[in-house]
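I opened this one with my notebook beside me and went through it piece by piece. Here is what I looked up, in the order I looked.

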Amino acid sequence: MFAFCLPLQVRSTQEPQPDETTNVDTGTRLYGQRCADCHGADAKGFTGPDLTGLWVSGQSDAQVLHAIRFGRPGSIMPSSTAPDEELQAIVEYLKSIGTVPVDWNAPGNIGRGHAIFGAQCQQCHWSGQDGGRLGPDLSRIADTRSRAELAHSIREPSAVIVATYNLVTLVTRDGEEIRGVRKGEDAFSIQIVDVDERLQGYRKAALRSVVVEDESLMPVFGGERLDDGELNDLLKFLGTLRRLGSG
Amino acid sequence: MWVRNFAGIFAVVLLLTLLVSPSWPTAQEPEGQGVTFDDLLSGLTEPAQWLTFSGDYTGQRHSPLMQITTDNVHSLVPEWTFQTGTVTRGRGFETTPLVWDGVLYVTGSNNFAWALDARTGRPFWRYRRDLPNDLTYGASAPVNRGFGMLGDRLFMVTLDAHLLAFDRKTGGVLWDTVLADYQVGYAATAAPLVLEDKVIVGISGGDYPTRGFLDAYDPVSGERLWRFYTVPSPGGPGSDTWPSSDVMERGGGGTWMTGSYDPDLNLVYWGTGNPNPDYYGADRLGDNLYTASIVALDADNGQLEWHYQFTPHDTHDWDSNHVPVIAELDWQGRPRKVVMVANRNGFFYVLDRATGELLLGKPFSDTTWAREIGTDGRPIILNDGSKGCLPDYWGSTNFMPPSFDPARRLFFVTARETCATFIPQEPELVAGQSSFGGVVQVDRTKGYGALRAIDVVTGSRRWEFRYPSPAMAGVMSTAAGLVFAGDNEGNFMAFAADTGQNLWHYQTGSNIHGAAAMTHMLDEKQHVLVASGTTLVSFTLPD
């Protein structure tokens, strides 16, 4: 029940207010100047965390404002001395993009979707208590990604690859090929999770080649593999993967 | 135990003796008045010292030390690590330590400072400034790049825009002079450049509605001796490159990176920063002198001798706050006194440092902004941003020091290849508030960094070594044919100057940001130091 209340609450905060448009515009500008370097131009995270899931994960306006004002102790997130109106504008902007559209009411069968997830996705994606670790953790994916974004990622997984999920192929001096997902790299080494989910670091000096693929490790789920009905079922199930508890 | 007690008693006796005999020199300390102007002039030719930000007045950051070589550098090991205990949010530990008589003098983020035993990294004293909680630019970049020193005095600028003098033996503050009002947007971060009888200091704050300047202070009294404004006064030379006096009053032009000095010409060379607002240029039409330029000033009075503007009417935050590198070059058959700059705008420049004449200007990066300098000395702009991405606001390189090997005539610079879209917007100009004037979107998937060696006579690239992401670490080279550099992934590295071959690397655990290495001899061993994250590490060859 709560899961259905939450997006409605969120939705209500998005209702346009008479003077809110200006505030969001101001916030967009200020965000670009002060926040985007670390949190990414789209606020989905760069060196700093993804900010698009704050409200749906239970943060309030006051908590977000407090974080901007006082920073995050122990992190590089600084405090701010900017006027309250400016910080409030950034909060309004984040709220405007940090809420996932409530489009999970589209048709679909959760039970069938769960079965498809178990058969097709769970091998690589963690959800709740189990699953694979090669792909992103989907336990709360509905909090931060819209139905449309997920549908797009399923049909065209290589269109947008999150930075730490690039597929790499390493070839050792002995000619052995190792495939995995790149987690880190510097001039002399690379850190991957290989397809057996082993966290492995390699010195480049011990490798013949390092090839970063353009394609995602995730297979393309086109219509022949997952028809529109099955996609709807799967999305219906993914829509249930969200934070439970305080909101 | 007995030994410890004995040592303790001895220390107490020694301390008492020192207290009652204030004129008694300590065992290793030279007699006299500490660091002299002659010591500063001798620069790196004296192997046990590093007395100014770049090692000497040339800005070459090139050491004659030869103990660590291309053959043995692979065995370089850390001998100690010093932890600062202070973090730098979003930036780096950007200092270059000074060393004198076995003691390192080090500044850190948030205006911490220390005197450290160069043998062990253990502190003699620590200083921490009680900073106000309403810093402006200083809050966003709480960094410091180092001390200057003369006599027994150390000089450090602060995030609330003061200049302090310390007693090097105690860390006690001798005087405290206000440079500017930090609440308007000013701050200070650069290592002072100390001349015979002047302390030259620059100012930060060009991203705020401020007016940049370069100051000279009396080392003994702290009184200001002269000030050069990087944005002219109404009616003065260069004022016709601005639309109005009120725009000039907040025209930017910070001086936040240490300059160089030619004692023979008695000229100080200093880079100037972006005009303000950074990205929005519609209300400051004109070239906006002397922003994004190099200025040559008479050291006696701060009078402008010549200037060269690298980026007229900059709208990309391409400050020219670089260490100007001075050298004597054989130029088309005759000796020339030159000054060299690898600029944030992507070009490498060689200028005659007596006259300011442009001798060479060639791109060292893949910038699409311009590919050549016209006969009038101005860049021929090909892409103002409307034809695809430009180098980002941190440019094709930045303030991290380059180095120059005069024997090989190679200039080593950390280059950044990036792709950014600039979206200017008219800012609201409020004192104490930043006024970038727009938003910049950086395509993070397209960037990389590289250490590049530039042939200074032709401007062509001799070699490069690529890093996975755009780097911000400085460079130091040595006469042994070594180049020490760092990257954004945290590696501190040594390369062969002739080929660019990587010979050694050490993972410091944090991106190396702004800092460049320094080196010195101590106990007949060569040591190499670099600041990274919250640590300062001293490396040497094993016994």
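**Entry 1: confidence.** I reminded myself that this is a predicted model. For chain A I noted a mean pLDDT of 83, with 86% of its residues at 70 or more.

**Entry 2: where the chains touch.** How many residues of chain A are in contact with chain B? I found 13 in chain A, and they contact 19 residues of chain B. Helix H2 of chain A, residues 20–34, gives the most to chain A's side of this contact, with 3 residues. I also sorted that side by class and got 7 nonpolar, 3 polar and 3 charged residues.

**Entry 3: helix H6 of chain A.** I picked the helix at residues 110–121 and asked which of its residues are buried. My list has A:Gly113, A:Ile116 and A:Cys121. Looking down the axis of H6(A), I saw these buried residues fall within an arc of 80 degrees, so they line one face of the helix. On the other side of H6(A), I marked A:Gly111 and A:Ala119 as exposed. I then checked what covers the buried residues, and helix H9 (228–238) of chain A is included in the cover.

**Entry 4: chain B as a whole.** I counted secondary structure and came to 4 helices and 37 strands in chain B. Its C-alpha atoms fill a box of roughly 75 × 50 × 45 Å along the principal axes. A compact globule of 543 residues would have a radius of gyration near 24 Å, and chain B has 23 Å, which agrees. I noted that 54% of the 543 residues of chain B count as buried. Among contacts in chain B with a separation of 6 or more, 59% come from residues 24 or more positions apart.

**Entry 5: a hairpin in chain B.** I followed strand E21 (residues 347–352) into strand E22 (residues 358–363); the two run antiparallel, and 5 bridges join them. B:Val350 stands opposite B:Leu360 in E22(B). The hairpin has 5 residues between the strands, and B:Gly356 takes a positive phi near 85 degrees in this hairpin.

**Entry 6: B:Ala180.** I found this residue in the loop between strands E10 (173–178) and E11 (193–194) of chain B. Is B:Ala180 buried or exposed? It has 21 C-beta neighbours inside 10 Å, so B:Ala180 counts as buried, given that the cut-off is 20 or more. Leaving out residues up to four places away in sequence, B:Ala180 touches B:Ala161, B:Tyr186 and B:Ile203. I also took the C-alpha separation of B:Ala180 and B:Leu285, which are 105 residues apart along the chain, and got 27 Å.

**Entry 7: B:Thr397.** This residue is in the loop between strands E24 (379–381) and E25 (403–405) of chain B. B:Thr397 is buried because 29 other C-beta atoms lie within 10 Å. Beyond four places in sequence, its contacts include B:Ala342, B:Arg344 and B:Val413.

Notes
Residues are numbered from 1 along each chain as its sequence is written. Chains are lettered from A and ligands numbered from 1 in the order in which they are written. This is a predicted model: local features need pLDDT of at least 70, side-chain atom pairs count only at pLDDT 80 or more; totals for chains, interfaces and linings use all residues. Two residues are in contact if their C-beta atoms, placed from the backbone, lie within 7 Å. Ala, Val, Leu, Ile, Met, Phe, Trp, Tyr, Cys and Pro count as nonpolar, Asp, Glu, Lys and Arg as charged, and the others, Gly among them, as polar. A residue is buried if 20 or more other C-beta atoms lie within 10 Å of its own, exposed if 12 or fewer, and partly exposed in between; C-beta atoms are placed from the backbone. The arc is that of the directions from the helix axis to the C-beta atoms. The radius of gyration is taken over C-alpha atoms; the globule rule is 2.2 Å times the number of residues to the power 0.38. pLDDT is the predictor's confidence in each residue, from 0 to 100. Two strands pair if DSSP finds at least two bridges between them.
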